[in-house]
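Here are my notes for someone opening this one for the first time. Have a look at the picture before reading on.

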Amino acid sequence: MDANTASPSAGKCDGCATADVPLTKISLGRDFFGRVYDRLSPNADLSPKWYCDACSVEKNLQRDFRDIKSEFDKLSKEAASALSQGDQLERATLRVKEIAAMIAANAIKRTLLKPDEVATLARSLESRRG
Ligand SMILES: [Zn+2]
């Protein structure tokens, strides 16, 4: 490990709070729609956090889920939404289904994502797509 990926010595995962496992630093970078994240995200997501392997996967899924959900909420209110552009609704629907499938297959720990919220969004996107 080099200085950028080494775990903090008193490291605990910021997702599931497991200690004594290898941790990865996650900063969110760009959102699902390719926008720079820091103008849109809550302050809590601005500073990189440390996650174990399982939670780092889930953190990326959670980021996409939140991006899609917030754009879908705008779409539902007939406001300007990234989902009304091009094939973004299609792309977002597939992504949420993929996340739901990973939850169903127990491929993630569900520390950060709530299965019922993901399922609800998947259904809403599907019905919107018609
Ligand atoms: Zn974890």
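The points below go from the overall layout to a few individual residues.

1. First, keep in mind that this is a predicted model. The protein chain holds 3 helices and 2 strands. If you trace the chain from the N terminus, the elements come in the order β-β-α-α-α.

2. Of the 130 residues in the protein chain, 35% are buried. Among contacts with a separation of 6 or more, 68% involve residues 24 or more positions apart. The accessible surface of the protein chain is about 7500 Å², and carbon and sulfur atoms account for 50% of that.

3. Now go to the metal. Which protein atoms are the donors of the zinc ion? They are the SG atoms of Cys13, Cys16, Cys52 and Cys55, lying 2.3 Å from the zinc ion. Along the chain, these donors are spaced as C-x2-C-x35-C-x2-C.

4. Cys16 has a relative accessible area of 23%, so it is partly exposed.

5. Next, the aromatic rings. Searching the whole structure turns up 1 aromatic pair. Phe32 and Phe33 form an edge-to-face pair because their ring planes stand at 90 degrees, with the centres 5.1 Å apart. Both residues are buried: Phe32 has a relative accessible area of 8%, and Phe33 has one of 13%.

6. Stay with Phe32 for a moment. What sits over its ring? It is the charged end of Arg91, 4.0 Å from the ring centre.

7. Phe32 turns up again when you look at Asp64. This aspartate is placed in helix H1 (residues 53–76), and it counts as buried because its relative accessibility is 5%. Which residues does Asp64 contact, apart from its neighbours within four places in sequence? The contacts are Phe32, Arg95 and Ile99.

8. Last, some backbone angles to check. Most residues other than glycine have a negative phi. Asp20 has a positive value, near 60 degrees, and is not a glycine. Its place is in the segment before S1. With a relative accessible area of 78%, Asp20 is exposed.

9. Asn106 also has a positive phi, about 55 degrees, although it is not a glycine. You'll find Asn106 in the loop between helix H2 (88–104) and helix H3 (115–129). Its relative accessibility is 56%, so Asn106 counts as exposed.

Definitions and conventions:
Residues numbered from 1 in each chain as written. Predicted model: local features only at pLDDT ≥ 70, side-chain atom pairs only at ≥ 80, totals over all residues. Heavy atoms only, no water. Helix = DSSP H or I, 4+ residues; strand = E, 2+ residues; numbered from the N terminus. Buried < 20%, exposed > 50% of the residue type's maximum accessible area, 1.4 Å probe, protein only. Contact = heavy atoms within 4.5 Å. Areas by Shrake-Rupley, 256 points an atom, 1.4 Å probe, with all protein chains shown as cover. Donors = N, O, S within 2.8 Å, 3.2 Å for Na, K, Ca; no water. Phe/Tyr/Trp six-rings, centres within 6.5 Å; stacked < 30°, edge-to-face > 60°. Lys NZ or Arg CZ within 6 Å of the ring centre and 35° of its normal.
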